[in-house]
Amino acid sequence: MQMHLMGTGAGDFLAPEDEENQAGFLPEVRRLGGRNRRYASCAALLPDILIDFYGDRQIRRSGLETGAIRHLLITHGHWDHFQPLAIIDFARELDHPLQVYGNGMVTAALQFAATHQWQETAKKFGPASSPANISTHAVHVGRSFEVGEATITAVQADHCVNKKIMVLEQRALNYIIERDGRTIFYGLDSSRPMPETVELLADFTFDLAVLDATFGPREIDPSQSGHQNFAMLEQTVASFRQSGVFTEATTIVGSHISLVHVPPHDEIVDELAGRGILLAHDGMIIDL
């Protein structure tokens with residue numbers, strides 16, 4: 001079994017290349033290119049499952065067989081992980097309906113996009129001009145469901161939460177994926193694990209964990225962020241190793257990396273490897 005990390009960037013991956021957007025490490029990242037450049041976070045579990053979808057650029061560049069894709073897991077409804085119209089356009093090229101799984105906001109947005117069309121001339125909504133080749137499935141925290149030959153369990157991410165006033169804007173999801181005797185935790189876009197997530201993960205031992213490392217070595221205030229930096233990532237990994245959820249055989253990968261706030265890949269990959277964590281890059285393939 002293989003997991004392809006086709007995109008490993010945070011939401012600043014699309015910052016325009018002009019003089020007003022040369023903040024932080026962006027100029028150096030763009031000058032170096034290669035593995036230092038990152039695109040919207042997206043992964044594939046071959047042969048038939050995608051995780052998150054900004055567009056089909058990564059899929060086509062990776063050379064994956066698009067016709068084999070039948071399932072799409074969406075972690076949450078932020079724009080860099082979820083583009084309804086792009087998903088619908090992609091699904092129209094398939095000879096089977098694309099099964100899309102996500103929280104209530106995600107499924108409602110897809111159903112709306114599938115049945116409505118913005119009429120620019122009239123400045124109003126009208127019916128969609130053609131049917132969408134998708135089927136939506138609402139996912140609930142703590143419940144398992146079958147996706148092809150895989151069993152998926154959704155857990156709550158610490159993301160999309162206004163911690164000051166305790167407003168949960170939407171249920172951002174992380175996924176436990178079981179297939180072919182292997183177990184994966186896909187945990188991007190989350191700060192430190194929620195108590196209920198820790199409880200659920202305690203029932204598993206993971207072969208691979210892809211975890212949020214958005215802010216790299218930069219110091220952040222966890223009360224203001226739904227992400228992690230390297231220090232928080234190490235603490236998360238250490239706690240799961242202590243509980244036996246992660247073992248010495250677990251491959252740990254840090255991903256969803258900011259291009260503005262984190263030094264280029266080549267400058268930090270060895271340091272992170274020394275802590276037992278692989279630094280993701282676009283196109284990374286992990287064999288399980």
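**Entry 1: salt bridges**

I began with Arg60, which forms a salt bridge with Glu93, their closest N and O atoms lying 2.6 Å apart. The term stands for a side-chain nitrogen of Lys or Arg within 4 Å of a carboxyl oxygen of Asp or Glu. Arg60 lies in helix 2 (residues 57-62) and Glu93 in the loop between helix 3 (84-92) and strand 5 (98-102), so the pair ties together parts that are 33 residues apart in sequence. Helices (H or I, at least four residues) and strands (E, at least two) are DSSP runs, numbered from the N terminus.

I note that this is a predicted model, in which local features need pLDDT of at least 70, side-chain atom pairs count only at pLDDT 80 or more, and totals for chains, interfaces and linings use all residues. Residues are numbered from 1 along each chain as its sequence is written, and side-chain values use heavy atoms, with hydrogens and water left out.

I then looked up accessibility, where buried means under 20% relative accessible area, exposed over 50% and partly exposed in between (1.4 Å probe, protein chains only). Arg60 is partly exposed at 42%, and Glu93 is exposed at 53%.

A search of the whole structure gave me nine salt bridges. In one of them, Glu271 pairs with Arg275, with the closest N and O atoms 2.5 Å apart. Glu271 is partly exposed at 45%, and Arg275 is partly exposed at 29%. Arg179 is buried at 6%, whereas Asp180 is exposed at 53%.

**Entry 2: aromatic pairs**

I counted rings of Phe, Tyr and Trp (its six-membered ring) as a pair if their centres lie within 6.5 Å; planes under 30 degrees apart are stacked, over 60 edge-to-face and the rest tilted. The count comes to 13 aromatic pairs. Tyr39 and Tyr54 make an edge-to-face pair, 5.8 Å centre to centre with 80° between the planes. Tyr39 lies in the loop between helix 1 (26-32) and strand 2 (42-45), and Tyr54 in the loop between strand 3 and helix 2, so the pair ties together parts that are 15 residues apart in sequence. Both Tyr39 and Tyr54 are buried.

Tyr54 also pairs with Trp79, the ring centres being 5.9 Å apart and the planes at 70°, so this pair is edge-to-face. Trp79 is partly exposed at 41%. I found the charged end of Arg57 over the ring of Tyr39, 4.1 Å from its centre. The rule asks for NZ of Lys or CZ of Arg within 6 Å of the ring centre and within 35 degrees of the ring normal.

**Entry 3: cores and helix 3**

I took a nonpolar core as a set of buried Ala, Val, Leu, Ile, Met, Phe, Trp, Tyr and Cys residues joined through side-chain atoms within 4.5 Å. The largest has 26 residues, and those with the most contacts inside it are Met3, Leu5, Leu73 and Tyr175. Apart from it lies another core, of 23 residues, including Ile59 and Leu94.

In helix 3 the buried residues are Pro84, Ile87, Ile88, Phe90 and Ala91. They cover an arc of only 160° around the axis, which puts them on the same side of helix 3. I read the arc from the directions from the helix axis to the C-beta atoms. What covers these residues includes helix 2, strand 5 and helix 4 (104-115), with contact meaning heavy atoms within 4.5 Å.
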